[in-house]
Amino acid sequence: MDYVPHSEADISSILKEMNIGDIEDLYSSVPEKIKIKSRRLERGLSEFELKALIRKKAEKNLAVTEIKSFMGGGAYEHFIPAVVDHIAMKPEFYTAYTPYQPEASQGALQVIYEYQSLICELTGMDASNASLYDGATAAAEAALMSINKDGPGDVLISAAVNPEYVEVIKTYLKGTKGRILMVPSPEGVTSVEFLKGLSAKKPVCFIFQSPNYYGCIEDVENLSEIAHSFAALSIAIVNPVSLGVLKSPGSMGADIVVGEGQPLGIPLSYGGPYLGFMAVKKKFIRKLPGRIVGRTTDKEGNPGFVLTLQTREQHIRREKANSNICSNQALMALRATVFMTYMGKEGMKTLAEANINNSHYLSKSIEKTGKAHLKFKRPFFNEFVLEFKKPANLVFDKFVNKNMFPGILLKGEMDKRILCCVTETKTKADLDGFIEIIKDL
Amino acid sequence: MEKSSGLIFEKSSRGRKAFSLPEAAMPETEIESLIPGKYLRKNLRFPEISELDIVRHFTHLASKNFNVDGNFYPLGSCTMKYNPKVNEDIASMEKFRDIHPMFPEKYVQGILSLLKEMEEMLCRITAMDAFCLYPAAGAHGEFLGMLLIRAYHERKGKIRKKIIVPDSSHGTNPSSVHMAGYEVVSIASDKNGEVDLEALESALDEEVAAFMMTNPNTLGLFESKILEIAEKVHSRGALLYYDGANLNPLLGICRPGDMGFDVVHLNLHKTFSTPHGGGGPGSGPVGVKKHLVPFLPVPVIEEKDGGLILNRQKPQSVGSIKSFFGNVGVIIKAYSYIKALGDEGLKRTGKLSVLNANYLKQKLKGSYHLPFDKTCMHEFVLSAKKQLDSGIHAVDIAKGLIDRGIHPPTVYFPMIVEEAIMIEPTETESKNTLDEFVNTMKEIAGLAAKTPEILKKAPIKMSVKRLDEVQAARVLDVCWNFEKPEDEGQEDG
Amino acid sequence: MSIPKDFKYTFSHEWIKIEDDKALIGVTDYAQDKLGDVVFVELPKVGTEIEAGHEAVVIESVKTAADVYTPLSGKITKVNTLLDKDPSFINSGPYGKGWIFEIEIRDKRELEKLIDAQVYENKISED
């Protein structure tokens with residue numbers, strides 16, 4: 001089937017009015033030699049057949065609702081309020097385009113303004129853009145912001161940053177003269193001593209994550225201070241849910257804050273679409289990549305919203321633009337806005353506390369068994385690294401037999417470690433079930 | 001229409017709430033006993049608001065948005081076609097929506113096989129040899145394409161320095177070129193609005209890594225000399241890049257791979273009907289010919305022992321361009337669209353998009369200046385030049401359309417046309433809608449000639465009148481001013 | 001269109017007011033009119049050495065960004081910080097309050113390349 005409304009009669013009446021014989025006549029500028037002559041795909045399906053076919057594929061997947069999963073590592077299973085889905089499914093939002101015509105897009109523009117405001121408050125920054133593709137590309141864009149136009153620059157990255165992010169930053173820097181230097185984190189957090197020793201490199205920025213890939217909370221204040229002592233920008237990657245209780249990176253000296261907005265009401269969807277957020281201190285506003293919504297007034301003084309600072313962008317600046325990004329993840333930003341509004345002041349705190357509470361209950365109980373221990377003894381949010389006496393893949397299989405994924409297998413150190421994530425979605429009974437399996441190891 | 005909605009922050013009232021959350025495992029334990037106090041924040045000034053008030057707020061905002069379901073949306077270059085409802089249902093099936101991207105391969109064979117089949121279908125639709133589905137948008141695909149070109153030349157011994165781009169190109173093109181470390185060489189179009197072969201010839205030296213173009217171009221014209229262009233570019237050892245923003249009219253008719261393109265990016269949110277979401281998420285898969293396959297990002301979905309695996313062992317790969325596997329939720333919708341259409345449906349889609357555009361062009365060219373009076377593909381560019389005499393610009397015509405319930409076409413692009421009005425009706429609009437649009441455009445042309453002052457005031461029927469963009473840029477207000485409530489303690493930090 | 005007689009000009013629409021070994025530089029009335037309402041001016045740093053023909057300043061309106069090229073080489077001695085607070089001076093007083101920067105002329109021979117008011121007027125009337 002297709003979604004073309006025309007009847008045969010419609011088509012012939014249009015053709016007649018245009019005085020042409022056949023639609024194919026309109027393709028006379030296409031060389032005959034390259035015209036398609038044979039079938040390439042299977043026949044089209046009816047809606048009923050389509051759903052049946054795809055449902056069959058879906059059956060071969062396992063959803064987090066069918067297994068107790070303790071996987072995090074950049075994508076997190078959280079409760080998604082029904083309100084979020086219902087509002088995001090309004091066609092007035094999802095079938096609109098980028099709000100180039102402000103008077104016909106006040107809804108979308110106001111949502112983004114509210115999103116920007118919530119992100120600023122959460123991160124303690126002055127300005128946020130309308131969003132980027134995901135956390136990893138947001139981190140990469142932040143690295144690009146810190147490298148002077150076409151100049152060289154050493155980008156320091158903590159080894160406790162999510163390895164996927166490091167890979168993406170590496171790729172993004174390929175077109176620049178920027179160079180990456182990794183700062184080790186042998187104790188689960190960035191080595192301050194090692195970082196201090198890099199002063200002579202005159203790095204342009206230092207990128208770190210808190211809570212970091214191993215779940216540990218970094219000393220953002222100290223790391224930012226050290227970065228500033230090199231005249232480097234402090235770029236913090238954060239988990240937005242953690243900021244319901246943790247101090248904002250902006251209040252601790254970060255210049256640019258980025259992160260993955262998926263935990264804010266966005267489904268796991270096998271890795272995307274997600275939401276990259278980015279917020280900066282005032283003096284970097286003009287360096288922000290992507291769309292920004294500003295509040296203004298109309299001719300009669302009524303408040304309204306427009307896309308602003310557009311001269312930073314590709315459609316005006318072309319090769320001189322801050323970034324090539326043209327879209328934002330507006331629908332995902334809408335989800336995050338509804339989510340943050342639904343949680344509100346108390347809910348964001350309660351949610352973050354529930355994550356800390358559950359993860360600490362599990363970690364403490366595991367340590368008591370003596371069968372596994374926490375690799376890093378540091379304050380953490382909702383993830384921690386478990387170290388076992390035997391290969392972690394064997395442990396993993398034991399959990400699978402009990403319909404659980406205990407976390408993500410970490411490479412290295414004889415593969416005995418698992419990165420475990422506990423959110424508010426796990427009940428005490430779930431956690432006790434986890435502990436029972438550990439006891440049996 | 002109702003005026004200001006008020007910001008969500010203005011609707012907050014202390015002590016109200018919407019949330020409900022499950023009980024934690026140690027309900028008696030205080031947070032301070034688990035996390036040292038120095039890490040904890042004192043205040044988060046988020047709104048406090050009930051569930052119904054949240055629903056009302058966003059429902060009211062929704063009513064202030066033009067959208068494809070509610071309005072004709074002939075926004076040139078954006079392919080605002082109907083977004084089939086079934087695709088939304090399919091993508092929100094629990095067994096797609098609720099899969100963690102780190103699940104071991106054997107538990108996600110369904111989605112992996114869908115992705116693999118999608119790659120194969122896109123190869124067949126475009127005549128390319130392999131596809132990478134990871135780029136999150138067209139611009140992201142362009143950036144990846146440039147990196148692949150870089151890797152290809154590097155492998156051959158020299159990355160070269162320049163990429164040629166037509167002056168009519170999308171702004172993302174030169175911007176992506178720059179991001180990948182290349183120098184942009186812009187060439188002018190010829191008098192027919194096509195690539196100027198001579199200009200191309202003289203720009204093509206041994207430092208040129210690729211020529212980046214879109215076909216049909218941004219004027220909506222098919223580049224009739226495409227085979228000669230490909231031949232010229234290849235003869236200098238350069239590659240040909242296809243910006244797939246305008247693939248829609250060619251569906252079922254011809255394929256970029258057969259035209260000689262080495263790298264293509266597609267916009268699933270344009271050609272393949274996935275909704276634009278108010279600006280995203282999109283999806284911009286990149287397809288390549290054989291000689292570029294080794295450089296594609298990791299991981300690559302491959303068959304092994306009767307199942308599918310994610311192979312990261314690709315030593316020549318450009319690396320990762322995004323976390324995980326792209327905007328899977330978007331890809332599922334496009335997959336479902338292609339499956340529904342099949343060969344016949346795709347061909348009808350392409351053909352009717354061209355018929356609709358040419359019909360509008362023919363009907364409107366009497367009332368508006370048409371700089372390139374030729375058969376167009378899925379879109380065409382008018383100019384408000386005629387209306388300039390009475391002081392009416394493209395923007396005034398756009399605002400007039402808003403009052404009449406139609407989303408304006410793209411204006412002021414491409415930059416090579418003065419007062420450009422770029423119209424793309426798409427194939428999903430009926431003859432009635434097109435005729436209504438023609439009447440409205442003629443009515444506006446009449447207003448422009450006789451009573452331009454009325455048009456200058458438009459829009460008058462929206463919640464706001466024309467907005468002051470100068471003020472917005474001079475006096476930046478990009479974040480709500482969260483005032484400190486008096487009865488609360490010290491702020492965070 | 002105002003074109004003061006005692007200033008020098010460039011074909012890229014900059015004006016130059018020469019005072020001994022220093023020159024004050026801005027954009028012409030014609031240029032500001034083409035740009036529309038100026039919303040931001042990216043000023044160079046005082047003390048930077050700059051070469052003739054290089055981009056020294058970016059002037060932004062809502063929908064365009066224009067580069068201003070310095071017609072003379074030398075050290076930047078002053079910039080108009082008033083423009084940080086109110087960039088609209090470029091529109092309201094392009095030859096007065098809207099001046100952009102002052103440069104210490106390094107090579108007086110470069111002055112020969114500048115054009116006078118009449119030549120500039122002829123140029124813009126052609127456009």
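Biologist: Is B:Asn267 buried or exposed?

Modeller: B:Asn267 counts as buried because its relative accessible area is 4%, where buried means under 20% relative accessible area, exposed over 50% and partly exposed in between, with a 1.4 Å probe and protein chains only. Bear in mind that this is a predicted model, in which local features need pLDDT of at least 70 and side-chain atom pairs count only at pLDDT 80 or more, while totals for chains, interfaces and linings use all residues, and side-chain values use heavy atoms, with hydrogens and water left out. Residues are numbered from 1 along each chain as its sequence is written, with chains lettered from A and ligands numbered from 1 in the order in which they are written.

Biologist: Where is B:Asn267 found in chain B?

Modeller: B:Asn267 is in the loop that runs between strand S6 (263-266) and strand S7 (286-288) of chain B; helices (H or I, at least four residues) and strands (E, at least two) are DSSP runs, numbered from the N terminus.

Biologist: And which residues is B:Asn267 in contact with, leaving aside neighbours within four places in sequence?

Modeller: With those neighbours left aside, B:Asn267 is in contact (heavy atoms within 4.5 Å) with B:Gly138, B:Asp243, B:Gly244, B:Ala245, B:Phe272 and B:Ser283. For B:Ala245, the backbone nitrogen lies 3.4 Å from a polar atom of the B:Asn267 side chain.

Biologist: Switching to B:His407, where is that one found?

Modeller: B:His407 is in the loop between helix H12 (394-403) and strand S11 (410-411) of chain B, and because its relative accessibility is 1% it counts as buried. Apart from neighbours within four places in sequence, B:His407 is in contact with A:Gln101, and also with B:Phe66, B:Phe72, B:Tyr73, B:Pro74 and B:Leu75.

Biologist: With which side chain does B:His407 make a polar contact?

Modeller: The partner is the side chain of B:Tyr73, at 3.5 Å. A polar contact here is a pair of N or O atoms within 3.5 Å; within protein, one must be able to donate a hydrogen and the other to accept it, and residues adjacent in sequence count only if both atoms are side-chain atoms.

Biologist: Why does the pair of A:Asp2 and B:Arg348 join two chains?

Modeller: A:Asp2 lies in the segment before helix H1 (8-18) of chain A, whereas B:Arg348 lies in helix H10 of chain B, so the pair joins two chains. A:Asp2 counts as buried because its relative accessibility is 19%, while B:Arg348, at 24%, counts as partly exposed.

Biologist: What does A:Lys57 form with B:Glu117?

Modeller: A:Lys57 and B:Glu117 form a salt bridge, with their closest N and O atoms 3.3 Å apart. The pair crosses between chains, from helix H2 (residues 47-58) of chain A to helix H4 (residues 109-126) of chain B, and both residues are buried.

Biologist: Last topic, how many helices and strands are there in chain A?

Modeller: Chain A has 13 helices and 15 strands, and its C-alpha atoms fill a box of roughly 85 × 50 × 50 Å along the principal axes. Of the 441 residues in chain A, buried ones make up 67%.

Terms used:
A salt bridge is a side-chain nitrogen of Lys or Arg within 4 Å of a carboxyl oxygen of Asp or Glu.
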